Amino acid sequence: MKFIYYNDTGRRVTVHPATFSHGCIGSREVIKPLEQREFVLPEGTFPWVKMWDYGTSGLSILISPMQEDE
């Protein structure tokens with residue numbers, strides 16, 4: 001499954017390292033304002049997304065694949 005995140009925050013968004021250890025595939029580069037980023041999740045999963053605001057240090061996003069119920 002593909003998940004596309006669009007950064008409409010006006011701020012730079014870092015991708016939390018656990019995004020990749022949880023099985024997502026994508027670029028680890030900072031997501032700039034007005035930029036889209038595609039993440040590929042393992043088959044049979046959907047994205048669970050969490051964003052943190054660290055104030056002056058910026059935003060961070062975590063995308064974690066969750067198993068679909070059968």
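Strand 5 (residues 59–67) is largely enclosed by the rest of the structure, because seven of its nine residues are buried, where buried means under 20% relative accessible area with a 1.4 Å probe and protein chains only. Strands here are DSSP runs of E with at least two residues, numbered from the N terminus. The model is predicted, with local features needing pLDDT of at least 70 and side-chain atom pairs counting only at pLDDT 80 or more, while totals for chains, interfaces and linings use all residues. Residues are numbered from 1 along each chain as its sequence is written, and side-chain values use heavy atoms, with hydrogens and water left out.

**Strand pairing** (at least two DSSP bridges between two strands)

- Strand 2 (residues 13–15) runs parallel to strand 5 and is joined to it by three bridges, with Val 13 standing opposite Leu 59.
- Strand 4 (residues 45–53) runs antiparallel to strand 5 through nine bridges, and Trp 52 stands opposite Ser 60.
- Strands 4 and 5 form a hairpin with five residues between them, and Gly 55 in that turn has a positive phi of about 65°.

**Nonpolar core** (buried Ala, Val, Leu, Ile, Met, Phe, Trp, Tyr and Cys residues joined through side-chain atoms within 4.5 Å)

- The largest such core has 12 residues, among them Tyr 5, Val 13, Val 15, Leu 59, Ile 61 and Ile 63.
- Strand 1 (2–6), strand 2 and strand 5 are the elements that give two or more residues to this core, and strand 5 gives the most, with three.

**Contacts of Ile 61** (heavy atoms within 4.5 Å)

- Not counting residues up to four places away in sequence, Ile 61 touches Tyr 5, Val 13, Thr 14, Val 15, His 16, Thr 19, Val 49, Lys 50 and Met 51.

Note on methods:
Buried < 20%, exposed > 50% of the residue type's maximum accessible area, 1.4 Å probe, protein only. Helix = DSSP H or I, 4+ residues; strand = E, 2+ residues; numbered from the N terminus.
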